[in-house]
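Here is a colleague's note to read alongside the sequence and the structure. Please keep both in view as you work through the points.

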Amino acid sequence: MLNIRQLFGKSGESLALSYLKKKGYRILETNYRNKMGEIDIIALDKDVIVFVEVKTRQSTFFSHPKEAVTVTKQVTMSRVAQAWLKSRNKNDSKARFDVVAILSDNNTHEIELIKNAFDLRSGT
Amino acid sequence: MWSYEEKAALSGFLTIAGVDEAGRGPLAGPVVSAAVVLPVDFPSEGITDSKKLSPGKRDRLYDRIVKKAIAVGVGMAEPEEIDTINILQASLLSMERAVHDLHVIPDYLLIDGIFTISYDAPQEAIKKGDMLSISIASASIVAKVTRDRIMKSYDLIYPDYGLAGHKGYPTKNHKDAIAAFGVSPIHRKSFKGVKEYL
């Protein structure tokens with residue numbers, strides 16, 4: 001069973017990086033990983049540290065990409081982000097979560113940036 | 001177009017992957033390769049090399065391939081890599097990445113062109129393979145459609161060049177746009193047609 005989403009997923013990161021740079025973000029790190037999970041892109045938007053999730057879809061049949069950040073993923077990203085801030089000694093910095101949603105199929109191509117897509121979540 | 005696959009199967013190979021690339025000639029964007037493993041009952045009507053198909057037909061065949069193939073892998077090399085190692089090496093690298101991206105492990109590769117790749121499995125390079133082997137033709141369709149969609153997305157970020165139309169190929173309007181607007185971060189700086197404008 002083929003995961004169609006995956007075929008576009010890899011190039012999604014390059015597209016997202018180009019898009020964010022064009023918007024003036026400064027890229028700090030990509031594919032940051034620790035034992036709790038992973039964050040696609042960590043960047044700086046003026047003085048705010050931004051943790052970015054890249055979502056790609058090849059059709060809107062199931063959902064629009066911007067709807068795809070599950071609560072579980074939000075909790076994971078929150079934990080990983082806090083660990084990153086601590087490791088870089090930036091616990092006092094302003095930070096937020098953005099989503100870059102990329103939709104690409106036969107007829108439509110969209111890239112959307114959702115700033116402050118969700119709030120920090122502490123899971124149970 | 002099953003003769004190469006049949007011959008490999010008769011030699012005992014079970015997981016045969018066709019590999020092809022798209023986007024060697026453009027002045028901008030990545031080079032994209034695909035690797036495709038097809039089932040023996042794959043409906044092959046209409047499948048031929050991607051260059052001979054209309055965009056609409058190509059999209060429909062792409063949908064059929066990704067739905068019915070045993071496995072599809074995609075790999076790419078970015079413009080920076082193309083500039084560093086040259087387009088031929090980048091093309092081969094993208095093919096290796098496509099093969100590694102498969103979720104099955106192929107035991108035989110059918111590769112379009114004259115070069116084999118750095119991968120630990122028996123392989124055969126077939127000149128004009130995209131016209132002769134159904135697996136390579138399918139890979140050429142996946143590579144082309146994937147790359148076209150990537151370039152249409154880049155058009156949203158760098159709208160001055162007409163990327164959605166020419167996909168980075170050196171058409172007159174692309175060359176005029178480079179002359180007018182300069183180069184973007186996704187142009188291949190080592191290429192003739194780009195390096196003069198750095």
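The points below go from confidence, through each chain, to the contact between the chains.

1. This is a predicted model, and a careful reading begins with the scores that come with it. The model as a whole scores ipTM 0.78 and pTM 0.89. Chain B averages a pLDDT of 95, with 100% of its residues scoring at least 70, while chain A averages a pLDDT of 85, with 82% of its residues scoring at least 70.

2. Of the 124 residues in chain A, 32% are buried. Among the contacts in chain A between residues at least 6 apart in sequence, 57% join residues at least 24 apart.

3. In what order do the five strands of chain A lie in their sheet? They form an open sheet in the order E1-E2-E3-E4-E5, and the pairing is mixed. Strand E1 (26-34) and strand E5 (109-118) of chain A stand at the edges with a single partner strand each, so one side of each has no neighbour in the sheet. Neighbouring strands of this sheet are turned against each other by 30° on average, if direction is ignored.

4. A hairpin links E1(A) to E2(A) through two residues, and you can look for Tyr32(A), which stands opposite Ile39(A) in E2(A).

5. Further into the sheet, E3(A) and E4(A) run parallel and are joined by 10 bridges; in this part of the sheet, Arg57(A) stands opposite Leu103(A) in E4(A). Is E4(A) mostly covered or mostly uncovered? E4(A) is mostly covered, since eight of its 11 residues are buried.

6. Strand E4 (residues 94-104) of chain A also pairs with E5(A), and these two strands run antiparallel, with seven bridges between them. E4(A) and E5(A) form a hairpin with four residues between them, and Ser104(A) stands opposite His109(A) in E5(A).

7. Helix H2 (residues 71-87) of chain A lies across E1, E2, strand E3 (48-57), E4 and E5 of chain A, and runs at about 60° to E2(A).

8. Chain B has eight helices and five strands, and from the N terminus on its elements run α-β-β-α-β-α-α-β-β-α-α-α-α. The radius of gyration of chain B is 17 Å, which is close to the 16 Å that the globule rule gives for 198 residues, so chain B is as compact as a globular protein of that length. Taken along the principal axes, the C-alpha atoms of chain B fill a box of roughly 55 × 35 × 25 Å.

9. Of the 198 residues of chain B, 49% count as buried. Among the contacts in chain B with a separation of 6 or more, 63% are between residues 24 or more positions apart.

10. How many residues does each chain give to the contact between them? Chain B gives 19 residues and chain A gives 16 residues. On the side of chain B that touches chain A, the elements that give two or more residues are helix H2 (55-68), strand E3 (71-77) and helix H6 (134-157) of chain B. Of these, H6(B) gives the most, with eight residues. The residues on this side of chain B divide into 12 nonpolar, two polar and five charged.

11. Finally, the contact can be related to the sheet of chain A. H6(B) lies across E4 and E5 of chain A, running at about 60° to E5(A). E5(A) is one of the edge strands of that sheet, and E4(A), as noted above, is mostly covered.

Notes. Residues numbered from 1 in each chain as written. Chains lettered and ligands numbered in written order. Predicted model: local features only at pLDDT ≥ 70, side-chain atom pairs only at ≥ 80, totals over all residues. pLDDT = per-residue confidence, 0-100. Contact = placed C-beta atoms within 7 Å. Nonpolar A, V, L, I, M, F, W, Y, C, P; charged D, E, K, R; others polar. Rg over C-alpha atoms; globule rule 2.2 N^0.38 Å. Buried ≥ 20, exposed ≤ 12 C-beta atoms within 10 Å, placed from the backbone. Pairing = 2+ DSSP bridges. Axes fitted to C-alpha atoms, helices over the stretch in contact; angles between N-to-C directions.
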